[in-house]
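Subject: A structure for you to look at

Hi,

Here is the structure I promised to pass on. Have a look around first, then read my notes below.

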Amino acid sequence: MSGRHSGRPTLEQVAVRAGVGRGTVSRVINGSPRVSEQAREAVRRAIEELGYVPNQAARTLAGSRTDAIALVIPETEARLFAEPYFLDIIRGISAELGAADQQLLLTLVRTERERQRFEQYVAARRVDGVLLASVHADDPLPERVRELGLPVVLNGRRTADEAAPYVDSDNAGAGRAAVAHLAAGGRRRIATITGPLDMYVARARLDGYREGVAAAGLAPDELLVATGDFTEEGGRCAMRALIERAPDLDAVFAASDVMAAGARGVLREAGRRVPEDVALVGVDDSAVARLMDPPLTSVRQPIEEMGRTMARMLLRELAGEGEGEREGEGRAARQVLPTELVVRASS
């Protein structure tokens with residue numbers, strides 16, 4: 001028995017067989033000196049046993065640098081430019097990469113064809129690393145980039161046990177803080193407008209909301225939960241549904257400022273005063289929050305600093321100083337930044 005698998009073995013299978021992280025396998029393939037001899041021998045043995053064939057183009061170009069980093073956002077142009085969140089992320093990443101003399105390449109991946117085209121771009125080693133924002137649960141791109149031998153850092157995460165390196169904020173804490181504030185103000189029928197539930201960020205904020213409701217001694221009620229999509233129109237649609245099925249609601253926690261703005265418009269159309277009849281809280285503490293009438297109470301997350309931290313994490317990995325994969329552990333580097341409630345007139 002040769003131990004070879006039928007079908008094409010993956011870099012991940014090599015890592016499992018060798019008992020190391022995928023980053024260690026990539027470093028062995030690319031000839032990096034930052035690997036112990038024991039790990040190097042384990043990887044070589046696993047490659048032989050599995051019959052793994054590394055991407056030849058990636059190996060040929062492994063020693064060259066482009067001094068370019070790709071930022072991938074799997075959203076439409078309309079959402080990119082309508083949502084302050086993305087502009088703040090880009091600002092933070094751009095500032096950090098600029099200081100390191102690295103070029104930032106912004107790429108929108110909206111279709112399967114565009115994803116495949118970007119994978120070909122990565123395979124040709126036209127960038128040194130990839131930053132990925134707005135990740136959805138089923139996004140295969142982080143694994144594909146890592147299999148091609150490039151480092152990747154996510155803004156947010158796909159699941160609670162995300163395997164790729166990431167920078168996130170305390171999204172569950174944001175939900176808890178919002179509900180605690182509303183309950184302390186005497187609100188008893190606190191509703192929420194979630195983001196799309198195929199995104200971990202939306203599920204985490206919903207979990208925080210539910211934890212906050214329980215901590216306040218309020219009865220859970222799924223009629224008070226409506227799903228949005230992080231857009232203003234999504235906030236409007238969700239708010240209409242909430243008013244129809246729970247007309248006695250007296251507070252709303254919207255999982256983004258942009259959705260809170262949509263909810264605010266519907267409340268005004270329905271003759272509900274903010275905050276007298278319905279208190280309103282958002283997330284992001286963006287310009288949208290400050291310019292609303294009345295100004296919006298919002299949970300601030302350090303968006304620009306998240307972008308800077310992502311870029312620093314990737315640059316450390318490129319410099320051979322990263323913690324993306326520890327030999328034998330396969331544990332991704334991760335950082336969760338704190339959030340802060342900013343109280344304004346809407347609550």
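Let's start with two strands: β8 and β9 run parallel and are joined by 3 bridges. (Helices, H or I of at least four residues, and strands, E of at least two, are DSSP runs numbered from the N terminus.) Across this pair, Phe253 stands opposite Val281 in β9. Please keep in mind that this is a predicted model, where local features need pLDDT of at least 70 and side-chain atom pairs count only at pLDDT 80 or more, while totals for chains, interfaces and linings use all residues. Residues are numbered from 1 along each chain as its sequence is written, and side-chain values use heavy atoms, leaving out hydrogens and water.

Now the whole sheet. Its 6 strands follow the order β7-β6-β8-β9-β10-β12, forming an open sheet with mixed pairing; two strands pair if DSSP finds at least two bridges between them. At the edges are β7 and β12 (340–342), each pairing on one side only.

Which strands does α10 lie across? They are β6, β7, β8 and β9, and α10 runs at about 170° to β6. (Axes are lines fitted to C-alpha atoms, for helices over the stretch in contact, with angles from 0 to 180 degrees between N-to-C directions; contact means heavy atoms within 4.5 Å.) The helix α12 packs on the sheet too, touching β6, β8, β9 and β10 (297–300).

Finally, Tyr209 touches Val179, Ile190 and Phe253, among others, not counting residues up to four places away in sequence.

Enjoy exploring!
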